[in-house]
Amino acid sequence: MRQNENAVVLIVDDEPEILRALRAGLAAQGYQILAATTGEDALSIAGARSPDLVILDVMLPGAIDGIEVCRRLRQWSDLPIIMLSALGHERQKVAALDIGADDYLTKPFGMSELTARVRAALRRNRSRPASNDLPIAHFDNVTIDFARRIVTRGDEEIRLTPYEYEILRFLAQNADRVITHRLLLGEVWGPEYVEDTQTLRVHIGHLRRKIESDPARPSLIVTEPGVGYRLKSTE
Amino acid sequence: MIFSESRKLSGWVFSALGVLLATVVFSFCRHFLDKGQASLLYLPLVIACAIRFGFGPAVFGAVLSFLCWDFFFLPPYHTFIVRYDTDWISLFVFLTAAVMTAQLASRARNDAEQARARRDEILMLFEASESISQTVQADMLLPELADRLLDQCQSSRCVILSRSATGSMTILTDRGPGASPEDQQTIVSIAMVACEYGQVIGIGSSVLWRKALAEAGLKTEGQYGGNSIGIYIPLHAEESLVGAMHLAPRMDNRPYSTTNERLIRTLANHAAVVIARQTLAKTAAQIAALKEADLLKDSLLSLVSHELRSPLAAIKATASGLLQPGAVWPESATREALAAIDKEADRMTGVVTNLLDLSRLEAGAWKPDKDWCEVSDVVGTVLDRLPPNDAARVRVSLADETPLIKADYIQIALTITNLLENAIKYTDDGTPVDLSIEPANEGGIKVIVRDYGKGIQPGEGEALFQRFYRGAEHKSGTVHGTGIGLALCQAIVRAHGGRIWASNASTNEHPGAIFSFVLPIGL
């Protein structure tokens, strides 16, 4: 937990109870906490104090809601953003992820889940400059050799179609991050195919059959219901 | 009426011709008949006229006979002079007898005619009420009644209005060739005046209709002047004003006859009863809906009181225990207490989430957000999110090829989760739960959750899916439940155009309950 000591987390939520609980929970893990209750405050604090991570509620009072805060932050910063949403706000959640939020949690959630997400997001951010250059990535017993475009499971080479490889590459380079259907389709097939979720389902199904040890209960490519996919790295 | 005019005229003509004919016949018979016996020919004629044509033609015939007799058969002939005084006596006795007989006969005739008219009227009323009582559809009663009136009274339009407790009036039916939405507002205003005064407008009450027109803001001249306003009758039923009926003037512009009026009043009473009955039925339906809501509220209250209060009580007790000043808790006990709070909060979250989901679904506020789903993928997500101990009990069997379906991923996951949780909750630890996904015969996919418990009670299959219903043996049991889960599953499956049902394993297999649902491809 040593690495947490210097990390500064900005929590944006209009409910004082939630704010207090999150502040206490994260501070106990060694993070420094900043807090804001409105979108305006969040933007000015983020500008002045440059936090390492933002936890942002989708619903905020006033003119600037969570999605707008996320959009404006993304204009000048790629700091990790974790969205919080209440049940039933799936569309806002997807909208936030589409414009660049890193992760989301649905209220109510456990503190351990939040801290796990925070840790993963911070780690990802630290290693980001290097990750694209890394020639080889490991996920469980699956190894991806980006330079030679070769994927192996155990010692066995897996033959992937070009689309399957592109999906896997994009997910791997954003490991542990929720990738929305639109993002994935836009990246792999191109911007004119962002609505073609049927194609995506089929290819994900094929890919899982090739790389998962139990395709019926995927442990690598995890579905985020109604949102997208996430490639789980082993922590 | 024109027919009866000509009939009246023909009476006079027949009477005159009859007398003439009788005179000619008698002139041939005068050799062997006494002059006094002429009355024998004239009198039947007068009676016949009285019976056939009434009093007037009969008296006319009598006077004519009197004159003819005098002129042709009483000496001196061909003058009106009478030689013998006894002849005067015969003449006047004849006249008196003829007139009296005519009067009697014509009265009998009038009575018969009136009786016939009454019979016709009663028959008409009977037919009208019969046809109304035979109308099966409640909403066709008033139009049928209006049509009867239009037909019988030669009217061009009949409007029936209902009146609310506040006095506002609504048009229930507007029939006839003159029906048009244009002047309905005028009709409503005049009908309101009729109701306000509680009197009929248009039959013998010209003062009232002038007043009504003035209050409705209309001039008494012009289109609505004179009697062209028609008739407005307030409708009473069970001592309250339930509406009004309007009948436009007759198409031939003649006033309504007394027979017409009687029919109108009778059918107006019918209409009043119909309206009152409809109002009662509506009130009864509202009361039934309220009762249903009340019942629901009761079961919701008992659910809330139990399923929400008990975890709340546990949380409150544990948290306040931890906060107690001066209390010394060993580290392990503190952790245990906190874990209990965490677990109870999860339980409450489950109840509240299900409750909210169900109300959102039932209010139509949670429409399926359909996208292509691979159900095996949904199953993976569901198993991933079950507690590991529970997930380990689930045996999954996936058909090799299941079609992609267009469905709401989250809702389908919720449905499968609820079915699995139910199966796990209501069966013994360690018994397996089978989950199988296969292509449905009718296209789409079929999901089956089978447990190895006691199975469902006979006849309980449908009721299980009702909100807040809990299996009879579980009502007082130790297993927590809200009776929401299956209702939620049903609401979701139905919103996807699929169906869900419960059954028991067949007798030659290991007993257990089987919950199945089918989802269409959903294009």
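This is a predicted model: local features need pLDDT of at least 70, side-chain atom pairs count only at pLDDT 80 or more; totals for chains, interfaces and linings use all residues.
**Entry 1**

I began with Asp13(A), which forms a salt bridge with Lys107(A), the closest N and O atoms being 3.0 Å apart; the term stands for a side-chain nitrogen of Lys or Arg within 4 Å of a carboxyl oxygen of Asp or Glu. Asp13(A) lies in the loop between strand 1 (8-12) and helix 1 (16-28) of chain A, and Lys107(A) in the loop between strand 5 and helix 5 of chain A, so the pair ties together parts that are 94 residues apart in sequence. Helices (H or I, at least four residues) and strands (E, at least two) are DSSP runs, numbered from the N terminus.

Residues are numbered from 1 along each chain as its sequence is written, chains are lettered from A and ligands numbered from 1 in the order in which they are written, and side-chain values use heavy atoms, with hydrogens and water left out.

**Entry 2: two backbone details**

I then looked at the peptide bond from Lys107(A) to Pro108(A), which is cis, with omega near -5 degrees. Pro108(A) is found in the loop between strand 5 (103-106) and helix 5 (111-131) of chain A. For Asp176(A) I found phi near 70 degrees, a positive value in a residue other than glycine, and I placed Asp176(A) in the loop between helix 6 and strand 10 (179-180) of chain A.

**Entry 3: helix 6 and helix 8**

I looked up how helix 6 (residues 162-173) and helix 8 (residues 197-211) of chain A pack, and found an angle of about 85 degrees with their axes 10 Å apart. Axes are lines fitted to C-alpha atoms, for helices over the stretch in contact, and angles run from 0 to 180 degrees between N-to-C directions. The two helices of chain A are therefore roughly perpendicular to each other, a label for angles of 65 to 115 degrees, whereas under 35 counts as roughly parallel, over 145 as roughly antiparallel and the rest as oblique.

**Entry 4: chain A against chain B**

I noted that 23 residues of chain A are in contact (heavy atoms within 4.5 Å) with 21 residues of chain B. In chain A, Arg201(A), Arg217(A) and Pro225(A) lose the most area to chain B, together 31% of what that side buries; buried area is the accessible area (1.4 Å probe) that two parts lose on being put together, summed over both. Between chain A and chain B I counted 2 salt bridges, and the side chains of Asp377(B) and Arg208(A) meet in a salt bridge (2.8 Å, N to O).
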